[in-house]
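Please look over the structure shown here before reading on. The briefing below gives a plain account of it.

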There are 2 protein chains.
Amino acid sequence: MLLGMRDDEEMGRITLAQVAERAGVSISTVSKVLNGRQDVAAPTRVKVERLLEAHAYRRTTRSAREAPLIEIVFHELESIWAMELIRGVENVAKAHNAGVVLTESGTRHAPGPEWMEAMLQRRPLGVVLVFSTLPTEVKQQLRSRSIPFVIIDPAGDPDPDVPSVGSANWNGGLAATRHLIEHGHRRIGIVTGPEDMLCSRARLDGYRSAMTMAGLEVDPDLILFGDFHVEGGYDRATEMLSRPHPPTAIFAGSDLQALGVLEAARAHGLRVPQDLSVVGYDDVSIARWASPALTTVHQPLRRMAEEATQMLMRLRAEEPVSTRLELATSLIVRKSTASAPTGSPAGRGGARS
Amino acid sequence: MLLGMRDDEEMGRITLAQVAERAGVSISTVSKVLNGRQDVAAPTRVKVERLLEAHAYRRTTRSAREAPLIEIVFHELESIWAMELIRGVENVAKAHNAGVVLTESGTRHAPGPEWMEAMLQRRPLGVVLVFSTLPTEVKQQLRSRSIPFVIIDPAGDPDPDVPSVGSANWNGGLAATRHLIEHGHRRIGIVTGPEDMLCSRARLDGYRSAMTMAGLEVDPDLILFGDFHVEGGYDRATEMLSRPHPPTAIFAGSDLQALGVLEAARAHGLRVPQDLSVVGYDDVSIARWASPALTTVHQPLRRMAEEATQMLMRLRAEEPVSTRLELATSLIVRKSTASAPTGSPAGRGGARS
């Protein structure tokens, strides 16, 4: 049972029989809706769902059919993050003898209805969602079935209404930029993520603070928003490196973008790190395998997924959980950063096209 | 029901009641063993399993509790292959409204007993195993419960006793080497996978055939076995590039090894592809993201997993399936290969240390 579930009567919550009565259907029909069964007409289902939501219905017993499964739902399984997150969920699930069900579903903002239906039939122990905010109906459907859920939100913009796990983006941006400043870089470019994502904003603000605190000017020409993908990193870095006063270092918003920066440097005949220093973000395995291996900000994705799954287990055990957990990031120094090239900081010529 | 299961009586197979009688236990105890329940003493369980195996027992009915789940079991989830395989299983599972349960379990040769136990309780529609050969007891346990299973075997050494999906390794080796020969390379090195894996052998033989058919000498100094990892690729390439007569091209046994070759080239001051051409194997996403993007042999991992999952569904429907399906590989030309450097084919000097 979940928090507060013993107190249904005192809180004036509705019972299954009352929902059935108000909807003008049998108790077994309401039960079918709760279990995601397909043999209920759509209008009836909608009516029952609305009553459940309006009265904040909470299932008070766990079914014997409940399966030892934990679900993880992604919008985009392509993401280089996915495997690390799966590993984290799998680690904790294994310790609880639970299987991990993996689904790629829905849009950037919500899991799809097919998943919801199938999941209700599976009756998992809990659900980890890799989404930022969830639509009210999704939250309500999960709550009315007493299925605990936690959000992993590397985007840094979590639904305040749902327990979530993220990481310290601002500190990551600060650490990356300070590292470059300490190596004598003065013209430092940043290719960050999408403008509308809080994680991009937080990392950029960390960059700005590091620059300002070191007494360095922030040149707006050296701040470009990207899309977290290789091609975006390549395009933005090409733009910066083609300018009359190119940077001597670029801080990328993701390791994928950093790979694009490496390729742009190669296309400009620049050696990394001798001519250009590059810092990535995330520390996924490709960072280690890049040539040269990337200096990057470690985002503890596996730990984040482990924490999220442990939160599910605490929610099931009616233990208190934090609404928001933010794990620390840390700088991993490898081979893509070095001292700024000597000579005029902005005056390197070379093979730039 | 599976193939041949209607004929139990005629084939003289044992019934549940007969197993119970011979084991001196109740029918419900035998049923508990079949369902992976924990409330059966270990010696009883072993006795029942042995009888099931000795008499090739096959469950003849599917339980109402059977869940719409497909399981995929990996030895090593770290593998860069894993995500592509998961995607393939997920694609087909989704079309059948089934969830995908993911497990990392066991040794290189067999899934672990914890998985077997939990899986029997989950009662999935079928199981995809990313292993080469399976121990007899694992096959027997799955067969006695009538759970269909298929092996995905990129290693090219499948259990002849189990339906499996692989890909054409020899042809991949041939295509990669021919591509290099067509670009004028004469001294072509190969850093292949472990010596004891058939896929490494098949790719190496493809390389040899391409060389021989082009009238080129195969220099044993330019054949090194590796381990499919970045570090192995780096070490072996460093060894080759440090020789008095280094190759002008290296064919790596995996994309990860190819990344190691790129790094070794960088450390030797060699430009790819101007000074050294590099071909990878697998065509996982990192191949596209490398700098320069890797020319590589596409192994259709996602398609392989889709085929394997479709085979499960055909097995369930009692349709005939091939015992071994081998999908075609194809060469993807990107930026890491170019014409051989001009001048004496083996005489490049340069910044080699």
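This is a predicted model: local features need pLDDT of at least 70, side-chain atom pairs count only at pLDDT 80 or more; totals for chains, interfaces and linings use all residues.

Residues are numbered from 1 along each chain as its sequence is written, and chains are lettered from A and ligands numbered from 1 in the order in which they are written.

**Chain A overall**

- Chain A has 12 helices and 12 strands, where helices (H or I, at least four residues) and strands (E, at least two) are DSSP runs numbered from the N terminus.
- The C-alpha trace of chain A spans about 80 × 35 × 35 Å along its principal axes.
- Of its 353 residues, 58% are buried, that is, under 20% relative accessible area with a 1.4 Å probe and protein chains only.
- Contacts (heavy atoms within 4.5 Å) between residues at least 6 apart in the sequence of chain A join residues at least 24 apart in 73% of cases.

- Strand 2 of chain B, residues 99-104, has six of its six residues buried.
- Gly99(B), Val101(B) and Thr103(B) point one way from this strand, while Val100(B), Leu102(B) and Glu104(B) point the other way.
- Strand 2 of chain A, also residues 99-104, pairs with strand 2 of chain B in the antiparallel sense over three bridges; two strands pair if DSSP finds at least two bridges between them.
- In this pairing, Val100(A) stands opposite Leu102(B).
- Strand 1 of chain B (residues 69-74) pairs with strand 2 of chain B in the parallel sense over six bridges, with Val73(B) opposite Thr103(B).

**Strand 8 of chain A**

- Strand 8 (residues 249-252) is covered on both faces, with Ala249(A) and Phe251(A) buried on one side and Ile250(A) and Ala252(A) buried on the other.
- Strand 6 (residues 188-192) pairs with strand 8 in the parallel sense over four bridges, and Ile190(A) has Phe251(A) as its bridge partner.
- Strand 9 (residues 277-282) pairs with strand 8 in the parallel sense over three bridges, and Val279(A) stands opposite Phe251(A).

**Helix 7 of chain B**

- Helix 7 covers residues 169-182 and reaches 20 Å from its first C-alpha to its last.
- Its buried residues include Leu174(B), Leu180(B) and Ile181(B).
- Gly184(B), with a positive phi near 85 degrees, follows helix 7.

How values were computed. Side-chain values use heavy atoms; hydrogens and water are left out. Buried means under 20% relative accessible area, exposed over 50%, partly exposed in between (1.4 Å probe, protein chains only). The expected span of a helix is 1.5 Å times one less than its number of residues.
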